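Student: I would like to learn how to read a few local and packing features. Can we go through them one at a time?

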Amino acid sequence: MYRVDLNSDLGESFGRYTIGSDDKIIPLITSANVACGYHASDPVVMDKTLAMAREAGIRVGAHPGYPDLMGFGRRNLNVSPEEAKAYTLYQLGALNAFCRAHQLKMQHVKPHGAFYNMAAKDYGLSKAICQAVKEFDDRLIVLALSGGELARAAKDMGLRTALEVFADRAYEEDGSLVNRRKEGAMVTDEKVAIARVVRMIKEKKVTAITGKDIPIQADSVCVHGDGAKALAFVEKIRRTLTEEGIEICSLDEIV
């Protein structure tokens, strides 16, 4: 049986600025990665996002990032392992306050942006993130890039680990995501993107930007809900997965 989770990065609005279409994407996914105030979001947005998640019956997780509101957490920061651990722990605590208020149990942790990409290649940084997760709640699932160092660190520390793939991103031969600044980093053809997702789930392979097939594990697919076209794309992914005999369920049911 093939099973997969659909996750999306949510709660990234800030003050009077609205980012994404959270209210429309939430009914289409099974797991929400909720920003914790460092790269995006604020207390009011966090509260509203968890309220919507609870009403929709989907699972929630923390989406900690670098303290970089101006750069939306996409700029590489040079931080020590001690700082990375503290940043993660702080953000887990912030989101957990709203989880408790809404009587929700936090399911997972997925770092954001540069924090995620740097951890995928840096075992020391990954270990610091995982130490924070383990000390906070060792039952949490670490959602990490398939084949990356964060996944390795989480498994080494005995944490539940889910491996993530991306529907709309190209891959390098080493399994890392192609830098957004490079040509071809984004997969813009919907049919190609969906076919890639199905292959990643069923064959555990994806074609890298070089044309070489590389191994990959898809426990969860990251989808985005920015704009009407993106929402229609997520609906098509759901429909295709169902037609292909792939069950869509939360991470808790997979790992």
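Tutor: Start with a loop. Ser41 sits between strand E2 (31-35) and H2. Keep in mind that this is a predicted model.

Student: What is phi of Ser41 near?

Tutor: General idea: most residues other than glycine have a negative phi. Ser41 is not glycine, yet its phi is positive, near 80°.

Student: Is Ser41 buried or exposed?

Tutor: The cut-off for buried is under 20% relative accessible area. Ser41 has 1% relative accessibility, so it counts as buried.

Student: Where is Phe14 found?

Tutor: In the loop between strand E1 (2-10) and helix H1 (22-25). Phe14 is partly exposed, at 38% relative accessible area.

Student: Which residues does Phe14 touch, leaving out those up to four places away in sequence?

Tutor: Ser41, Asp42, Val45 and Leu69. So we are back at Ser41, the buried residue with 1% relative accessibility.

Student: On to helix packing. How are two packed helices described?

Tutor: By the angle between their axes and the distance between the axes. Take helix H2 (residues 43-56) and H3 as a case. Their axes come within 9 Å and cross at roughly 45°. H2 and H3 are therefore oblique to each other. The crossing of H2 past H3 is right-handed.

Student: Which residues make the contact of H2 with H3?

Tutor: From H2, Pro43, Met46, Asp47 and Leu50. They meet Ala94, Leu95, Phe98 and Cys99 of H3. By class, that contact has seven nonpolar residues, no polar ones and one charged.

Student: How do the axes of H3 and H5 cross?

Tutor: At roughly 40°, and the axes come within 8 Å. This crossing of H3 and H5 is right-handed. On the H3 side, the contact residues include Pro81, Ala84, Leu89 and Leu92. On the H5 side, they include Leu125, Ala128, Ile129 and Phe136. The contact of H3 with H5 divides into 10 nonpolar, four polar and two charged residues.

Student: And what is the arrangement of H5 and H6?

Tutor: The axes of H5 and H6 come within 8 Å and cross at roughly 50°. H5 and H6 are therefore oblique to each other. Their crossing is right-handed. H5 brings Tyr123, Ser126, Lys127, Ile129 and Cys130 to the contact. H6 brings Glu149, Leu150, Arg152, Ala153, Ala154 and Asp156. By class, the contact of H5 with H6 has six nonpolar residues, one polar and four charged.

Student: Which residues of helix H4 are buried?

Tutor: H4 spans residues 113-121, and its buried residues are Ala114, Phe115, Tyr116, Ala119 and Ala120.

Student: What covers the buried residues of H4?

Tutor: The cover includes helix H3 (81-101), helix H5 (123-136) and helix H6 (149-156). It also includes strand E5 (141-145) and strand E6 (160-166).

Student: Last topic, aromatic rings. How many aromatic pairs does the structure hold?

Tutor: Four. Tyr66 lies in the loop between strand E3 (59-63) and H3, and Phe115 in helix H4, so the pair ties together parts that are 49 residues apart in sequence.

Student: Are Tyr66 and Phe115 buried or exposed?

Tutor: Tyr66 is buried, with a relative accessible area of 0%. Phe115 also counts as buried, at 0% relative accessibility.

Student: Which residues do ring pairs link into a cluster?

Tutor: Tyr38, Tyr87 and Tyr90.

Notes:
Residues numbered from 1 in each chain as written. Predicted model: local features only at pLDDT ≥ 70, side-chain atom pairs only at ≥ 80, totals over all residues. Heavy atoms only, no water. Buried < 20%, exposed > 50% of the residue type's maximum accessible area, 1.4 Å probe, protein only. Helix = DSSP H or I, 4+ residues; strand = E, 2+ residues; numbered from the N terminus. Contact = heavy atoms within 4.5 Å. Axes fitted to C-alpha atoms, helices over the stretch in contact; angles between N-to-C directions. Parallel < 35°, antiparallel > 145°, perpendicular 65-115°, else oblique. Left-handed = near helix turned anticlockwise from the far one by under 90°. Nonpolar A, V, L, I, M, F, W, Y, C, P; charged D, E, K, R; others polar. Phe/Tyr/Trp six-rings, centres within 6.5 Å; stacked < 30°, edge-to-face > 60°.
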